[in-house]
Amino acid sequence: MLVNLFYHVVGRPIRKVLFLGIQLLEALLLYARRAFHLHAKVMAILHDGRDAKWFWDTALDELQKYYRDVTIRVQRMPDQPKISIILPVYRVDPAIFRETLASVAMQCYTNWELCIVDDASGMPELQRIVHDFAADYPGQVKFAMNPTNVHISATSNRCIEMATGEYLALLDHDDRLTPNALAEMVRHINLNRQSDILYSDERVIESDGKATFLVYCKPDWSPFFHLSCNYTTHLSLYRTALIREIGGFRVGFEGSQDHDLMMRAVEATERPIVHVPFCLYQWRAVETSTAKSADSKPYAAIAGVKAVTEACQRRGRPAEVQWEPESFHYRVRFELPAELPLVSILIPTKDQGESLQKCLESIFTSSTYPNFEVVLVDNATTQTTALDVMRQFQTAHPKQLRIERVDEPFNFASLNNRGAKIARGEYLVLLNNDTIVQSPDWIEEMLRLAQFPEVGAVGCKLLYPTGEIQHAGLELQDRRVANHSFKGFPENTTAYNNITKTVHEVSAITGACLMVAQEKYHEVGGLDEVYLPNGYGDVDFCLRLSQRGYEHVYTPYARLIHEESQSRGRATETFERQYMISKWGHQLMNDPYVNLNLNRDMTFSIDSEFPFIDPTGKDFQDLLQAHEAERLQKKQTLNRAA
């Protein structure tokens, strides 16, 4: 008793101070390293004078060197497909339209054609601009005009009819491609010879072309996330034959025509969808663009609901789809099985009567799912309060609550495996005893996803008692193994395209609240009792499921409070971390749902150590001027030669 009192009154504060000291030293070391690098650069400049690279090269020089290098590299690739750029036009600002065309002209990859259709704009100046551009690039520009305004889907289809390229690239009339856009796509076509569909990262620019903070470094292909929002958007590249096979764009889906096209194209191919992790597209935020505000095109939300609803029906997964204006995404509520399966909730527990009371009370009084059982795996509880709680709930719910007594040293994996062996449910929920249900339909929301054959584990949104996020999926973090995405962020955060408010794929789910089909749980042998008895067992379990082709999904619509590790504290052992690195090192280095350009710090912020070439503002204008000067010089040379 006195030892415990001394530890809590004296020992724990000292321990916290020591940890803070370590964190402070780490911060000082970080800034010391940065200061050293700056010092070294300054010394190099003073030593080399005007020959110093940092001192002498301008941003334009650096950009041009990079693009010259990309041009050379892509020319060495074995596949050099022609790319048809589809450009429907309607009453666009002529100055902005010139920039769009110039962004095509500046491409490092030159095997392209531009298919332009004017949707009865009634602006002769646009025709003059196109004719002048076509004269500068003979044989590469095709132009047509609609006699009447038929809107973007039909106009885009007319562009596709004109195309002769092996691939189609979609470009809006007020947006821009980066000069390396087509080259990077072609490099990835060569890297993935069988691919029909590719998409890249993108950014939003202001109407004047200046950069905004909205750079979207996207995850790899995520089918559930794509149903919830059209995150692939720009730049998208499709094999022309595939788009013609599915009939191109559908009239009646204007505002969501790109999303509808991608969903139908994905359904029509069995080849992998390739993510190109380069920012290759600049989406201009003009007043009528959804880059500015989804409210600017309210019809887009209506068309989007229709497109997603039909996609679910085509895939044999009927769902109710709702537009969520707070996140600009869709909520897809898949139908539950006609006969609701039994769900077994496994709760390892020892003592901690107060936490157990709140946990069980929230399950039995709040849950709306009618067919569940609770399996308490009691790890030698001796606390009177906890024993009373167990008796109280077993008396009140004799058919729904069972208690399995386990008298052995604590082993989280073993306790869950023991519960899984006696569970009668078709689905298992691994649940900590320090959780409290917040959304009554939490079981239904997890089951909507867990029912599908390709889904392994399903996780929920866990919140601290203070309201901040504790878990919104796990991200893999190389030698740190894994951690919780957006940990400590406010629940209503809009970070990373509102992803914490949206159903999406993740690499792993915390074992504090995880649903999985019992068959799949036993297929991989449950949790590892020998090498990972306490720490990282959930990550290992998910990676073993992934090895067999299953994917894991997070849903924000199942919400629970989690008083993290109140019952056991942090039991993670150094050996377990070393074991995970030795077993899963390659996977831990490359989380497919965390873009290579992002920090591994749970925030999905851009990593300054991995810059990407993305000219905006003055840099883009300098490139334009340099390109125009080079074009005029070549033209004058040809005229003199003639």
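This is a predicted model: local features need pLDDT of at least 70, side-chain atom pairs count only at pLDDT 80 or more; totals for chains, interfaces and linings use all residues.
Is Val530 buried or exposed? With a relative accessibility of 64%, Val530 counts as exposed, and this residue lies in the loop between helix H17 (518–523) and helix H18 (537–547).

**A nonpolar patch on the surface**

- Val530 belongs to a nonpolar patch on the surface, which it forms with Tyr531 and Phe575, and together these residues have about 320 Å² of accessible area.

- Helix H3 runs over residues 59–75, and its 17 residues reach 25 Å from the first C-alpha to the last, which is close to the 24 Å expected at 1.5 Å a residue.
- Within H3, the residues Leu63, Tyr67, Val70 and Val74 are buried; seen down the axis of H3, its buried residues fall within an arc of 55°, so they line one face of the helix.
- Helix H12, made of the 14 residues 353–366, reaches 19 Å between its first C-alpha and its last, close to the 20 Å expected at 1.5 Å a residue.
- The buried residues of H12 include Leu356, Leu360, Ile363 and Phe364, and also Cys359.

**Salt bridges**

- The count for this model comes to 39 salt bridges, and the pairs described here are among them.
- Glu113 forms a salt bridge with Lys82, in which the closest N and O atoms are 3.9 Å apart; this pair links distant parts of the chain, since Glu113 is in strand S2 (residues 112–118) while Lys82 is in the loop between H3 and strand S1 (83–89), 31 residues apart.
- Because Arg448 and Glu445 are three residues apart in helix H15 (residues 442–450), they are separated by about one helical turn.
- Glu445 and Arg448 are also part of a network of salt bridges, in which they are linked with Glu320, Arg331 and Arg333.

**A buried loop residue**

- Asn379 is found in the loop between strand S13 (372–378) and helix H13 (384–396), and it is buried, with a relative accessible area of 2%.
- Asn379 and Asp407 are 28 residues apart in sequence, yet their C-alpha atoms are 5.9 Å apart in space.

**Cysteines without disulfides**

- A disulfide is a covalent bond between the sulfur atoms of two cysteines, and a search of the whole structure finds zero disulfides.
- For Cys159, the closest cysteine sulfur is that of Cys115, and because the two sulfurs are 6.6 Å apart, they are too far from each other for a bond; Cys159 is itself buried, with a relative accessible area of 0%.
- For Cys217, the closest cysteine sulfur is in Cys279, at 6.7 Å, which is likewise too far for a bond, and Cys217 is buried, with a relative accessible area of 2%.

Methods. Residues are numbered from 1 along each chain as its sequence is written. Side-chain values use heavy atoms; hydrogens and water are left out. Helices (H or I, at least four residues) and strands (E, at least two) are DSSP runs, numbered from the N terminus. Buried means under 20% relative accessible area, exposed over 50%, partly exposed in between (1.4 Å probe, protein chains only). A disulfide is a pair of cysteine sulfur atoms within 2.5 Å. The expected span of a helix is 1.5 Å times one less than its number of residues. The arc is that of the directions from the helix axis to the C-beta atoms. Patches are made of residues with over 30% relative accessible area and no salt bridge: like charges are joined within 9 Å, nonpolar side chains (Val, Leu, Ile, Met, Phe, Trp, Tyr) within 5 Å. Accessible areas come from the Shrake-Rupley method with a 1.4 Å probe; for residues, only the protein chains shown count as cover. A salt bridge is a side-chain nitrogen of Lys or Arg within 4 Å of a carboxyl oxygen of Asp or Glu.
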